[in-house]
Amino acid sequence: MKKIFGAKKNKDPPPTIQDATDRITKRGDTVDEKIKKLDAELARYKEQIKKTRPGPAQEAVKARAMRVLKQRRMYEGQRDMLYNQTYNLDQVAFAAEGLKDAQQTMTAMKAANKELKGMMKTVKLEDIDSMQDEMMDLMDVSTEIQETLGRSYNVPDDIDEEELMGELDALEADMDFESESVPSYLQPDQEPELSLPAAPTGHAAVPANQQQEDELGLPTVPQASIRT
């Protein structure tokens with residue numbers, strides 16, 4: 001059957017935007033190379049026109065230069081057209097990339113929304129409120145336990161100002177009585193006075209039988225034995 005009707009040929013996939021852009025860019029580069037060659041040729045013709053005298057030779061050079069200039073303008077038009085096509089393809093590619101990004105964003109948002117819905121099913125607001133109430137009750141019970149354990153024994157809870165001043169006056173009287181009953185020499189604020197002998201004034205008298213000594217410890221010579 002395939003020999004009679006022929007087998008169906010597989011079609012090539014259509015070119016992508018990037019393929020079309022690369023193709024047009026390559027063509028634009030080729031046109032640019034041609035324009036550069038024509039510019040060099042025009043520059044050579046310009047020099048020839050300057051060097052030749054007016055006449056048939058100069059007119060022939062001008063005719064060739066005019067032909068090259070028309071060809072150059074044609075290539076410039078093609079290049080501008082290719083640049084416009086490349087610009088349009090870039091806009092389409094940018095729009096396509098934006099749509100792809102939007103699709104990926106929507107897919108990610110849908111997956112996140114589904115996950116959040118599944119998590120919300122496991123978390124209920126009533127359970128959170130009930131847990132908060134239980135925590136508050138436990139904190140109140142803990143506070144009561146701490147206050148009970150820290151309570152002092154055999155200590156009145158309420159003491160008025162009159163009782164406080166009475167206790168302070170009695171404490172001050174007891175302290176005064178204790179300070180009066182302590183002997184004066186045991187009180188810390190009073191020091192016992194000790195009578196010490198007065199310091200001697202002037203030079204001490206030397207005994208008659210004791211020989212005087214000078215500052216070096218040698219016996220002094222009496223003044224009467226020194227002859228003047």
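**Side chains in close view**

Analyst: V123 is partly exposed, with a relative accessible area of 42%; buried means under 20%, exposed over 50% and partly exposed in between (1.4 Å probe, protein chains only). The model is predicted, so local features need pLDDT of at least 70 and side-chain atom pairs pLDDT 80 or more, while totals for chains, interfaces and linings use all residues. Residues are numbered from 1 along each chain as its sequence is written, and side-chain values use heavy atoms, without hydrogens or water.

The setting comes next. The protein chain has five helices and zero strands (DSSP runs numbered from the N terminus: H or I for helices, at least four residues, and E for strands, at least two). Buried residues make up 8% of its 228 residues. V123 sits in the loop between α3 (56-122) and α4 (125-149).

Leaving aside residues up to four places away in sequence, V68 touches L38, E41, L42 and Y45 (a contact means heavy atoms within 4.5 Å). For V68 and L42, which are 26 residues apart along the chain, the C-alpha atoms are separated by 6.9 Å. Y45 also has R44 over its face, at 5.5 Å from the ring centre; this requires CZ of Arg or NZ of Lys within 6 Å of the centre and within 35 degrees of the ring normal.

Charged side chains belong to the picture too. The whole structure holds three salt bridges (a side-chain nitrogen of Lys or Arg within 4 Å of a carboxyl oxygen of Asp or Glu). In one of them, D32 pairs with R79, their closest N and O atoms being 3.4 Å apart. D32 is in helix α2 (residues 17-51) and R79 in helix α3, so this pair ties together parts 47 residues apart in sequence. D32 is buried, at 18% relative accessible area, whereas R79 is partly exposed, at 22%.

R72 and D39 form another salt bridge, with a closest N to O distance of 2.2 Å. This pair also links distant parts of the chain, R72 being in helix α3 and D39 in helix α2, 33 residues apart. D39 is partly exposed, at 30% relative accessibility. R72 has E76 as a further partner, with the closest N and O atoms 2.4 Å apart. E76 and R72 are both in helix α3, four residues or about one turn apart. Through shared partners, D39, R72 and E76 form one network of salt bridges.
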